[in-house]
Amino acid sequence: MSDETPRRRECGTMQVHRRLLASDPGYARRLARIEEQAFRARSGMLAARAGCTLIPVVVHVVYKTAEQNIAMDQITSQIAVLNRDFRKTNADAANAPAPFAPLAGDARLQFELAKTAPDGSPTDGVIRVQTNVDSFDTDDRVKFSAQGGSDAWPRDEYLNLWVCQLGGGLLGYAQFPGGAADTDGVVITHTGFGTTGTATAPFNLGRTTTHEIGHWLNLRHIWGDDGDGCSGSDFVDDTPNQGGPNYGKPGFPTVSCNNGPNGDMFMNYMDYVDDDTMVMFSQGQITRMHACLDGPRSSIGASVSCGGITLPPKGPKDLIKDLPKEPFKDFAKDPPKDPPKDPPKDIPKDRPKDLIKDLPKEPFKDLAKDPPKDIPKDRPKDQIKDLPKEPFKDLAKDPPKDFPKDPPKEIFKDGGKDPILDPGPHKPVFEPPFPDPKGFEPPFELPGGPMVGQQPFVMATGKPEAPAAGPLLGHYAQILQHYAGLYQRGLLDAQGLAAWQQAYAAYRELGGQ
């Protein structure tokens with residue numbers, strides 16, 4: 001085993017996340033929008049995705065030695081693993097402990113090597129590039145031909161996987177949605193890729209790529225990235241609170257953070273256990289991945305039946321055949337004369353009277369029986385009544401006077417440190433970083449002028465980062481306005497309120513008034 005072969009799981013995704021937060025002010029703003037979409041899905045406000053999604057994959061093999069130039073059978077073995085893991089057809093899914101087995105789900109994602117290159121020519125989905133670089137790190141050099149790597153294919157059409165020699169014991173890393181297009185994708189060290197060839201135990205079952213694609217679809221580590229504390233969050237409801245990563249092959253139950261009797265969901269793909277021990281995604285994680293595919297990654301993939309037959313991009317033929325071109329205009333007055341012969345099995349019965357004000361927990365239940373008499377002619381596509389086209393521009397002038405009585409748990413005494421950006425032991429408290437949450441009234445007409453000679457304060461941290469070139473004050477003013485608008489529409493849970501408070505603290509640190 002060489003010095004570069006990982007001995008325990010280490011993922012570099014959070015390193016990339018912190019680097020982007022520090023270097024790209026727009027990244028935090030984009031993440032806020034992505035989390036808004038994820039929150040709506042988590043709250044049952046979005047329709048469930050139908051069928052399966054087929055994602056084309058391009059594998060960039062960047063090698064210095066012949067051994068690193070992995071064979072095609074090693075590549076195809078990895079694609080087979082992905083199709084089992086994301087469809088819950090992996091044989092070891094049966095190893096999930098009984099209390100967690102009902103939470104395991106089929107993500108309905110399928111993967112195949114790309115058949116057509118960006119220029120329209122046929123391809124086998126594999127690009128091979130010889131390099132003079134001994135090993136790569138999380139700095140994304142492997143993603144650029146000018147730096148000894150291979151340039152990305154368009155991210156709106158392909159999932160880019162780079163396979164190379166990673167250094168420092170690193171198994172892989174991914175870029176969360178919201179980062180730059182030319183670095184979007186997943187990087188895996190060649191000894192952790194696939195199930196044959198150079199794949200080396202205990203990371204020889206292809207689960208490193210499963211883990212990193214989870215990040216690519218906006219999943220966080222299951223323990224919430226707060227070191228070994230109990231105050232982090234992966235923004236998923238059905239994964240137990242967990243005190244740090246698990247390594248190797250833990251026994252069940254492994255209890256932390258008072259999460260007994262069942263303990264940690266260490267067999268989840270987003271923990272740090274060995275390949276033969278991680279076996280499942282939870283239903284909540286699947287909802288979060290689907291929100292990503294409906295939002296920032298909506299341009300990639302094709303809708304297919306879960307049996308593998310490609311369907312039209314918007315759904316079954318018999319569902320689209322009689323769909324009016326303007327479905328929200330005069331629907332009640334002139335319903336289709338000839339309904340589809342094979343309507344959906346779960347067609348709703350009662351359409352809610354007010355899609356926003358009285359939004360049901362199951363928005364597509366009871367849809368067809370009692371349609372509303374007067375439906376606005378120009379209803380927005382996503383059916384959010386008052387959602388502004390430019391959420392940072394238009395903001396109500398009256399701030400919310402009262403915050404919830406039960407403030408969020410993710411607020412810390414030690415300088416407002418954030419578990420994602422500043423791992424370490426944290427003591428949760430039950431007061432936000434303001435004397436009285438009910439009296440918290442951030443200014444809403446916030447200045448956005450340039451900032452000179454100050455250190456930028458990165459959102460969700462409690463301390464200034466290294467000096468950056470561009471001004472951030474205006475960006476945080478926009479973020480505050482955005483959160484306030486979400487609050488007034490009832491779209492913020494406790495975690496969203498915590499993010500708003502932390503952004504306000506950041507704004508004040510920058511000199512905002």
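Buried here means under 20% relative accessible area, exposed means over 50%, and partly exposed is whatever falls in between, using a 1.4 Å probe and protein chains only. Thr-5 sits in the segment before helix 1 (13-23); helices (H or I, at least four residues) and strands (E, at least two) are DSSP runs, numbered from the N terminus. Leaving out residues up to four places away in sequence, Thr-5 touches Thr-191 and Thr-200, where a contact means heavy atoms within 4.5 Å.

The model is a predicted one, so to speak of local features a pLDDT of at least 70 is needed, side-chain atom pairs count only at pLDDT 80 or more, and totals for chains, interfaces and linings use all residues. Residues are numbered from 1 along each chain as its sequence is written, and side-chain values use heavy atoms, with hydrogens and water left out.

On to the overall picture. The secondary structure comes to 8 helices and 9 strands. Of the 513 residues, 50% count as buried. Among contacts with a separation of 6 or more, 70% are between residues 24 or more positions apart. The protein exposes about 24,200 Å², with carbon and sulfur atoms supplying 52% of that area; accessible areas come from the Shrake-Rupley method with a 1.4 Å probe, and for residues only the protein chains shown count as cover.

Next, the helix pairs. The axes of helix 1 and helix 2 (residues 25-42) come within 5 Å and cross at roughly 115 degrees. Axes are lines fitted to C-alpha atoms, for helices over the stretch in contact, and angles run from 0 to 180 degrees between N-to-C directions. On the helix 1 side, His-17, Leu-20, Leu-21 and Ser-23 meet Pro-25, Tyr-27, Ala-28 and Leu-31 of helix 2. Sorted by class, this contact has 6 nonpolar, 2 polar and no charged residues; Ala, Val, Leu, Ile, Met, Phe, Trp, Tyr, Cys and Pro count as nonpolar, Asp, Glu, Lys and Arg as charged, and the others, Gly among them, as polar.

Helix 3 (residues 72-85) and helix 4 have axes that come within 9 Å and cross at roughly 60 degrees. That angle makes helix 3 oblique to helix 4. Helix 3 passes helix 4 in a right-handed crossing, a crossing being left-handed if the near helix is turned anticlockwise from the far one by less than a right angle, and right-handed if clockwise. Gln-78, Val-81, Leu-82 and Asp-85 of helix 3 make the contact with Arg-207, Thr-209, Thr-210 and Ile-213 of helix 4. The class tally for helix 3 against helix 4 is 3 nonpolar, 3 polar and 2 charged residues.

Helix 4 itself is worth a look. With 10 of its 10 residues buried, helix 4 is largely enclosed by the rest of the structure. The buried set includes Arg-207, His-211, Glu-212, His-215 and Trp-216. Just after helix 4, Asn-218 takes a positive phi of about 80 degrees, and this in a residue other than glycine. Asn-218 lies in the loop between helix 4 and strand 7 and is buried, at 2% relative accessibility.

Asn-258 also has a positive phi without being a glycine, at about 55 degrees. Asn-258 falls in the loop between strand 7 and strand 8, and is exposed, with a relative accessible area of 78%. Pro-261 is placed in the loop between strand 7 (247-248) and strand 8 (272-273), and a cis peptide bond with omega of about 5 degrees joins Gly-260 to Pro-261.

A further cis peptide bond runs from Ala-201 to Pro-202, with omega near 5 degrees. Pro-202 belongs to the loop between strand 6 (186-189) and helix 4 (207-216). Ala-199 is in the loop between strand 6 and helix 4, and is buried at 17% relative accessibility. Ala-199 and Thr-189 are 10 residues apart in sequence and 9.2 Å apart in space, C-alpha to C-alpha. Beyond residues up to four places away in sequence, Ala-199 touches Gln-74, His-190, Thr-191, Phe-193, Gly-194 and Asn-204.

Definitions and conventions
Angles under 35 degrees count as roughly parallel, over 145 as roughly antiparallel, 65 to 115 as roughly perpendicular and the rest as oblique.
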